[in-house]
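Biologist: Could you take me through this protein chain? I would like to go from the overall fold to single residues.

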Amino acid sequence: MRIRQKIKRNARISKYVIYKETLIDFKEQFWSFIGAFVGIGLIAFIQSFYLPELENVLLIGSFGASSVLIFAAIQSPLTQPRNFIGGQIISGLIGVTIFKFFPEIIWITAPLAVATSILAMQITKTLHPPGGATALIAVIGTEKIKTLGYFYVISPVLTGTIILFITALIFNNITKHRSYPTNSRLTRVFKSKGLKQKKNNN
């Protein structure tokens, strides 16, 4: 009975979150679009104009999935900084480590990287769904990515994550209706500074 009640409760919470995040609010949609466009655009710009000579990679597929969460589902627990930053870094570390142990056995490395990253995120309470993709990219990505080794965790993973996080802090707190991170001292400080600036301007 307890298990059934927990399932029903989780289903109700999920429905509520999905309902809240999919309400037709053109302002919300506008800021989600702008935030994602600027965040991914900054990473793509840096890669296009500053990294070609180094043949470095800064833009990876999992950032697209992260953008959906941090710009369009900002109330979700999976979107908060601990989950977003921690989940990406942990998953990157796991993906690289597994590839180093089994570099040529993709039917082991691919599922093991994803499954292990999920387990690690659950244990550390940093669950962030795109993290699974970050781990997977480490083992099935291009030769450029594979040759990075643990530098993959620094760039593109950490560097791109920080760029997206700073962009999310800015665009998710521009209006009084949006607040990111949720119920955080960081958000209160960020918003209070913005309010003081507005009063001073007036």
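This is a predicted model: local features need pLDDT of at least 70, side-chain atom pairs count only at pLDDT 80 or more; totals for chains, interfaces and linings use all residues.

Biologist: How many helices and strands does the protein chain have?

Modeller: The protein chain has 9 helices and 0 strands. Both are DSSP runs numbered from the N terminus, helices being H or I of at least four residues and strands E of at least two.

Biologist: And what share of the residues is buried?

Modeller: Of the 202 residues in the protein chain, 37% are buried. Buried means under 20% relative accessible area, exposed means over 50%, and partly exposed lies in between (1.4 Å probe, protein chains only).

Biologist: How do α4 and α8 pack?

Modeller: Helix α4 (residues 81–101) and helix α8 (residues 151–171) have axes 9 Å apart, at an angle of about 165 degrees. The axes are lines fitted to C-alpha atoms, for helices over the stretch in contact, and angles run from 0 to 180 degrees between N-to-C directions. The two helices, α4 and α8, are therefore roughly antiparallel; angles over 145 degrees count as such, under 35 as roughly parallel, 65 to 115 as roughly perpendicular and the rest as oblique.

Biologist: Which residues make that contact?

Modeller: On α4 they include Phe 84, Ile 85, Ile 89 and Leu 93, and on α8 they include Val 157, Leu 158, Ile 162 and Phe 165. Contact means heavy atoms within 4.5 Å. By class, the contact of α4 with α8 has 13 nonpolar, 3 polar and no charged residues. Ala, Val, Leu, Ile, Met, Phe, Trp, Tyr, Cys and Pro count as nonpolar, Asp, Glu, Lys and Arg as charged, and the others, Gly among them, as polar.

Biologist: Turning to α3, which of its residues are buried?

Modeller: The buried residues of α3 are Ser 62, Phe 63, Ser 66, Ser 67, Leu 69, Ile 70 and Phe 71. They pack against α2, α4, α6 (130–140) and α8.

Biologist: What does Ser 67 touch, leaving aside neighbours within four places in sequence?

Modeller: With those neighbours set aside, Ser 67 is in contact with Ala 36, Ile 40, Ala 72 and Leu 164. Its relative accessibility is 6%.

Biologist: How many salt bridges does a search of the whole structure find?

Modeller: The search finds 1 salt bridge, defined as a side-chain nitrogen of Lys or Arg within 4 Å of a carboxyl oxygen of Asp or Glu. The side chains of Arg 178 and Glu 28 form this pair, at 2.7 Å from N to O. Arg 178 lies in the loop between α8 and α9 (185–201) and Glu 28 in helix α2 (residues 26–50), so the pair ties together parts that are 150 residues apart in sequence.

Biologist: Are those two residues buried or exposed?

Modeller: Arg 178 counts as buried, at 1% relative accessibility, whereas Glu 28 is partly exposed, with a relative accessible area of 23%.

Biologist: Lastly, where is Gly 149 found?

Modeller: Gly 149 is in the loop between α7 (143–148) and α8. At 11% relative accessibility, Gly 149 counts as buried. Leaving aside its neighbours within four places in sequence, Gly 149 is in contact with Val 96 and Lys 100.

Methods: Residues are numbered from 1 along each chain as its sequence is written. Side-chain values use heavy atoms; hydrogens and water are left out.
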